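Q: I would like to learn how to read a protein structure, feature by feature. Could we go through one together?

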Amino acid sequence: MALFNMAQLMEELSPGQRLLGIDPGSRIIGLALSDVMRMVASPCGVVKRGKLSVVADEIQKIISREDVGGMVVGLPLSLDGSFGPAAQAARDWALALSGRLEIRAAVWDERFSSSVVNRLLVGEADLSRKRRQEVVDKLAAAYMLQGVLDHHALRIAPEQE
């Protein structure tokens with residue numbers, strides 16, 4: 001299945017369908033879900049990175065249970081915004097996962113999601129390193145997905161005036 005651009009993905013969703021945000025880390029994959037109105041992203045969980053078939057089976061359970069109509073996979077662009085090897089690997093993985101699950105997907109810049117979440121957890125929540133490791137991946141997925149939702153809301157706001 002081909003990757004959609006974000007506007008196309010949002011247009012293809014049926015009313016009430018959720019978006020699944022995925023932050024594909026090297027060891028842990030963070031997951032987040034939008035609400036049915038697609039206004040708020042919430043951390044959903046994590047999946048241990050492994051064989052695509054095993055990861056896809058775990059994600060399929062969430063898709064079926066939560067009426068997910070599309071997924072947004074984090075794209076780790078280089079700091080200067082260029083498309084490097086990590087971004088290519090994430091894009092290829094998103095294509096493979098989307099094809100296996102037969103669900104629409106798009107990629108979204110997630111360069112700073114983990115660092116922002118880590119800073120927040122250290123500065124505001126004062127969490128220990130161990131506790132941060134347990135939550136950072138799913139919070140980074142939620143941070144990235146919230147960026148998608150906010151961008152879409154700003155994009156359609158002028159059309160409603």
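Q: Which residue stands opposite Gly70 in β4?
A: Leu19 stands opposite Gly70 in β4, where strands are DSSP runs of E with at least two residues and helices are runs of H or I with at least four, both numbered from the N terminus. This is a predicted model, in which local features need pLDDT of at least 70 and side-chain atom pairs count only at pLDDT 80 or more, while totals for chains, interfaces and linings use all residues. Residues are numbered from 1 along each chain as its sequence is written, and side-chain values use heavy atoms, with hydrogens and water left out.

Q: In which sense do β1 and β4 pair?
A: Strands of a sheet pair through backbone hydrogen bonds, either parallel or antiparallel. Here strand β1 (residues 18-24) and strand β4 (residues 68-75) pair in the parallel sense over five bridges; two strands count as paired if DSSP finds at least two bridges between them.

Q: What is the order of the strands in the open sheet?
A: The five strands are ordered β3-β2-β1-β4-β5, and their pairing is mixed. Because β3 (41-48) and β5 (104-109) each have a single partner strand, they stand at the edges, and one side of each is left without a neighbour in the sheet. From one strand to the next, the twist averages 25 degrees, with axes taken as lines fitted to C-alpha atoms (for helices over the stretch in contact) and angles running from 0 to 180 degrees between N-to-C directions.

Q: Which helix packs on the sheet?
A: Helix α3 (residues 85-101) packs there, touching β1, β2 (28-34), β4 and β5, and its direction makes about 165 degrees with that of β4. Contact means heavy atoms within 4.5 Å.

Q: Is Ser98 buried or exposed?
A: Buried means under 20% relative accessible area, exposed means over 50%, and partly exposed lies in between, using a 1.4 Å probe and protein chains only. Ser98, whose place is in helix α3, has a relative accessible area of 0% and is therefore buried. Leaving aside residues up to four places away in sequence, Ser98 touches Met1, Met71, Ile103, Arg104 and Ala105.

Q: How does Val40 count, at 43% relative accessibility?
A: Val40, which lies in the loop between β2 and β3, counts as partly exposed because its relative accessibility is 43%.

Q: How much of the whole protein chain do buried residues make up?
A: Buried residues make up 39% of the 161 residues in the protein chain, which has five helices and five strands.
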